[in-house]
Amino acid sequence: MISQDVLKSLIKELGADNVLIDKEDLVCYAYDATPLIQKAVPDVIITPRGRDDIVSVVKIANAHRIPIYPRGSGTNLSGGTVPLQGGIVISMLKMNRILEIDAENLTATVQPGVIVQDLNNEIEKYGLMYPPDPGTVTTATMGGTVAECAGGLRGLKYGVTKHYIMGMEVVLANGDVIKCGGKTVKNVSGYDLTKLFVGSEGTLGIFTEITVRLVPAPDFRRSMIAVFDDIEKAGRTIADIIANKITPATMEIMDNLTIRTVENYSRVGLPTDAAAVLLIELDGIKEVVEREVCLVTSICQTNGAVNIQIAKDDIERDRIWTARRVALPALAQIKPMIVLEDATVPRSKIPEMIKACLNIGKNNDIMIAVMGHAGDGNLHPILLADPKDEEEISRLKKAVDEIFSAALKLGGTLSGEHGIGIAKAKFMKWEFGTTGIIAMKKIKDALDPNGILNPGKIFV
């Protein structure tokens, strides 16, 4: 428990309105979007208005060895923002200003509480785009997506968050403030601290400003659905499209369970008898896109697509991508607990990983829906269960272990975009070995010697 003296110090520095201790508030901040994880109710919620507030809180916390848990919108799926031992949750949602849009240098500088979609709405006026687009793009914060190195539907062509972060201002565990990176296209001065902090999940520092790279929005785009009577045919199609040197902006896969559930939920016109569908979008120069549409159509047909639908206008395009974005809430119709994983494999291994997920579900008698960003190897096996059925939960946990084991055996990784947090910490030795974990812990210990920043995350 935080002492009354510490609480008084926090109120003195930030004001009573920015120090929340109401029990209902505290319970809400004990959760994020991750099921089946350890959690604890925090002692206090801090809502800073700017960098100086964060510096004050961090100095107090460090002096008293109080854990700090930075938090954006809490949409993350690895337990990255939940407290494990009380302490202070720092909610960044009040720090939500777009500080600068520099169209000349193709950059924007934002506070960490800016919602990703709000940034894109503003830069759209300049004909620009910030490509990372997680499924929660309308609610996720810039700080949270940088901390988790989020990806999204456009990851195949445009990459993930780490490819767009040019610089940042960070409060370290002792309250010191550093700046790293900047607006320059080239910057190789010293260690690449910017890349170090991206994906660090709040364990190394707290972001107060973030400078991102923007790109020109594409002139033209075309979306399509390819329907298959066999999910392995869809998997082979993905590999063949990439092998033919075509890079769609987005290439998503949905299996039959997902298709039927989404159609029941949203009535967007998906073929409920299909074994799988590929949702594909190509963008760029009109003439190039039209040529690539013809090539992709041919590849789909060669691999046995039974139907191919090309969106005629933006209304039909929006219908396609609405189907993808509502998949997760739609699947909650089947069972109340949804465990969404993001095991990722080399793109050529997608067919094998799909088959492995389906077999794991069958062998463990667990309902698994397969969807995801198939073009970049980032599958999302979704495991469904009843949280009141302890035996089913036990089988689900075993299935999760087997999914990550299968991904690593195929040369993959534990996470393509969700991060490690609590949920996957126990698997880290599988990927990095003891020596790799020790190396990472040395970095953590150097920057946070008292272990106050998001303790218990990434490492067991």
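## Helix 11

In this predicted model, helix 11 spans residues 314-325. Its 12 residues reach 16 Å from the first C-alpha to the last, close to the 16 Å expected at 1.5 Å a residue. At the N-terminal end, helix 11 is capped by Asp-313, which places a side-chain oxygen 3.1 Å from the backbone nitrogen of Ile-315.

The buried residues of helix 11 are Arg-317, Ile-320, Trp-321, Ala-323 and Arg-324. They lie on the same side of the helix, because they cover an arc of only 145° around its axis.

Strand 10 covers residues 206-213, and six of its eight residues are buried, so the strand is largely enclosed by the rest of the structure.

Strand 10 pairs with strand 6 (residues 107-110) in an antiparallel arrangement joined by four bridges; Thr-107 has Arg-213 of strand 10 as its bridge partner.

## Nonpolar cores

The largest nonpolar core contains 58 residues. Those with the most contacts inside this core are Ile-253, Leu-278, Ile-280, Leu-282, Val-296, Met-353 and Leu-383. Helix 14 (residues 390-409) gives the most to the core, with nine residues. A second, separate core has 31 residues, among them Leu-128, Tyr-130, Val-212 and Ala-249.

Beyond its neighbours within four places in sequence, Leu-383 is in contact with Met-337, Ile-338, Val-339, Glu-341, Ile-366, Met-367, Ile-368, Leu-396, Ala-399, Val-400 and Ile-403.

Conventions: Residues are numbered from 1 along each chain as its sequence is written. This is a predicted model: local features need pLDDT of at least 70, side-chain atom pairs count only at pLDDT 80 or more; totals for chains, interfaces and linings use all residues. Side-chain values use heavy atoms; hydrogens and water are left out. A nonpolar core is a set of buried Ala, Val, Leu, Ile, Met, Phe, Trp, Tyr and Cys residues joined through side-chain atoms within 4.5 Å. Buried means under 20% relative accessible area, exposed over 50%, partly exposed in between (1.4 Å probe, protein chains only). Helices (H or I, at least four residues) and strands (E, at least two) are DSSP runs, numbered from the N terminus. Contact means heavy atoms within 4.5 Å. The expected span of a helix is 1.5 Å times one less than its number of residues. The arc is that of the directions from the helix axis to the C-beta atoms. A polar contact is a pair of N or O atoms within 3.5 Å; within protein, one must be able to donate a hydrogen and the other to accept it, and residues adjacent in sequence count only if both atoms are side-chain atoms. Two strands pair if DSSP finds at least two bridges between them.
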